[in-house]
Amino acid sequence: MFGLSELALLLIVVLVVVGAKKLPELARSAGKAARILKSEKRALKDDTRQHDAAGDRERHGAARVVPGEAVERDTTPHERP
């Protein structure tokens, strides 16, 4: 693992390579990426909860709405060969 002196040296190298002008832009983009990741995680968790709740309703006999269209049923008997 890295020690404190290695991490400090790495930070100095990053500052020299990236430059002080680019550092705030990198921090902004990292913060934006973290916010996006957090919101996607929250949306996935909410979607999972909704899916689980729908599964519970199905298991307990609640009605389920399925979109579609109504069609007339053929009432003539089918002949088998």
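Phe-2 sits in the segment before α1. This is a predicted model, in which local features need pLDDT of at least 70 and side-chain atom pairs count only at pLDDT 80 or more, while totals for chains, interfaces and linings use all residues. Residues are numbered from 1 along each chain as its sequence is written, and side-chain values use heavy atoms, leaving out hydrogens and water.

**Overall picture**
- The chain has two helices and zero strands (DSSP runs of H or I, at least four residues, or of E, at least two).
- Carbon and sulfur atoms hold 61% of the chain's accessible surface of about 8,400 Å² (Shrake-Rupley, 1.4 Å probe).

**Around helix α1**
- Helix α1 covers residues 4-18, 15 residues in total, and its 21 Å reach from first C-alpha to last is close to the expected 21 Å (1.5 Å times one less than the residue count).
- Phe-2 teams up with Leu-7, Leu-10 and Val-14 in a nonpolar surface patch, and together they have about 390 Å² of accessible area (patch residues have over 30% relative accessible area and no salt bridge; nonpolar side chains join within 5 Å, like charges within 9 Å).
- Phe-2 counts as exposed because its relative accessibility is 62%.

**Around helix α2**
- Lys-41 belongs to helix α2, residues 23-59.
- Lys-41 is part of a positive surface patch with Lys-38, Arg-42, Lys-45 and Arg-49.
- With 59% relative accessibility, Lys-41 counts as exposed too.

Key:
A salt bridge is a side-chain nitrogen of Lys or Arg within 4 Å of a carboxyl oxygen of Asp or Glu. Buried means under 20% relative accessible area, exposed over 50%, partly exposed in between (1.4 Å probe, protein chains only). Lys and Arg count as positive and Asp and Glu as negative; His and the chain ends are not counted. The place of a charge is taken as NZ of Lys, CZ of Arg, CG of Asp or CD of Glu.
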